[in-house]
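Biologist: I would like to learn how to read the backbone and the chain contacts of a model like this one. Could we go through a few features in turn?

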Amino acid sequence: MILILQALINGLMTGALIAVPAIGFSAIFAVLRYPNFAIAAYATIGAFAAWWANTTLGLAVVPALAIAFAVTGVVGVVAEETSLKRLRDKGALIVAIASIALNLVLENVIRFAFGNDMKGYDLPIARDLRFGELRIGPQQLQSLALAVIIMAAMFLFLRYTRFGKAMRAVADNPDLARLKGIDPARIAIVTVFLGAGLSGVGGVLIGLDTSIDPLTGYRVLLSVFAAAVLGGLGSIPGAVVGALALGIAEEMALIVTPATYRTAVGFVAILLMLTFRPCGILGERAA
Amino acid sequence: MTAALIIAELKLDFYGVHVLRGVDFTVPAGSFTGLIGPNGAGKSTLFNAVSGLYRPKGGSVRLGAVETTGLPPEKLVAAGLVRSFQLARGFPKLSVFQHLMLYGASQPGESLLPALWRSHTARRREAELAERAHGIARRLRLDHVLDNPVTALSGGQKKLVEIGRALMADPKILLLDEPMAGVNPTLADEIAGHLTALNRDGLTICLIEHDMALIKRLCAPVIVMAEGKVLTQGSFDEVAADARVQEAYLGRRH
């Protein structure tokens, strides 16, 4: 029982961290209609940007997160405008493949600049909090709180700001949005900035928990993708629900299978979802 | 007769394919002009180029006396050129009423200050628009579904919302892309009735339609497009009798 409860807590924690880049992935999909696998590299870049701010500039977690968000957002926009954008009208599959290539390039730029070694954030070491037999790390708790705040901010942005509404309008019907004077090209740039930025923040939150290296983002890419598919591609609340469900499923699977099979959970989740409900938990249309 | 819309030598390419190869025609003011042609003739593309969604490669579009070539879509809507879409998807999360309100001309809520202020004039304008939306809904018999989300409507009702939305923008000329396609015959007849009534009230309409019986009943003149150009034009009987039109539809005899 304790085992299951602990797995549930751990699942919600990892799920919340996955949810942040999953929102970024889904937002880009909703507006630009292609799956951007380069978010893995964006997550890594975010993690390194925050690490640099943290260890070199001595910044605390929150300002380092802000720097990671800005740096990754800019990298995302530059990458989009210089490479992926040209391929957009060739179809979603072509851009998706190009984003995998872009991911490799960016990942190796990081490797070239920072080396292959694992790096850790400069954080105070703290004892786990104990609730009876349940254990929670204070760092995990802080990351969870940050993830929740970031998600809430994103919801408020999409729901209440003019730009958020314009983004949703373009996602729903770009032609109609244009008749109303919304420029989809501008919306696309902001969406990529937000999506890449959120991926970067996600990379930091994931890195805070353990350590970072050039494959930090790549390791969670499948989980992020699975979470987005599970929740319904293009649906922001769906990405959150999918990430939490996947996080819990992964942790639960650890109880019965060796840790090597953890990633298999993501694949199985995608497979089951596409077989029985292709539009996802909260999705409105099949992708 | 004055012209509502003059299209001259309009050209447009897609990846090197000449989709519009110099389209020339005029929609007379107050007319109910029909635009027909086999699939792939470039009819919808022409609408997209005229309504500002695509940028033409050459040629010109004039709305009455005003040159409008290359203007962005929202400027064209403001100038009175309003179109409907073949796929009447709309914004799935909005209700019918919200849809209509969204396309009201000069919405006060669109600029930040009046939206925050909710000044007297802004409120009055909004009340006017709401009044207008209700009027249009009554006219199109959408009043009983005003608060339903557009996704809950039947295919025919969605087409009516498309027309209603266009009317909210106070159009001088309405470009309609197959507003009756895929709609059951009774509702298609009703839509045709609405369009005839609107035209009789002075609205210029240019209609893309595949149902020849409808074109024959509603439209004069009829313009036939094929392979990115205007093939011929005239009354329905004239173009129907034209051997080239039959050839374009049925394929060339070998």
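Modeller: Let us begin with a definition: helices (H or I, at least four residues) and strands (E, at least two) are DSSP runs, numbered from the N terminus. This is a predicted model, in which local features need pLDDT of at least 70, side-chain atom pairs count only at pLDDT 80 or more, and totals for chains, interfaces and linings use all residues. Residues are numbered from 1 along each chain as its sequence is written, while chains are lettered from A and ligands numbered from 1 in the order in which they are written.

Biologist: Which peptide bond joins B:Ala220 and B:Pro221, cis or trans?

Modeller: Most peptide bonds are trans. The bond between B:Ala220 and B:Pro221 is cis, with omega about -5°, and B:Pro221 lies in the loop between helix H8 (212–218) and strand S9 (222–226) of chain B.

Biologist: How many residues of chain A are in contact with chain B?

Modeller: Two residues are in contact if their C-beta atoms, placed from the backbone, lie within 7 Å. Ten residues of chain A are in contact with eleven of chain B. Helix H6 (162–172) and helix H7 (174–179) of chain A each supply at least two residues of the side that touches chain B, and the largest share of that side, four residues, comes from H7(A).
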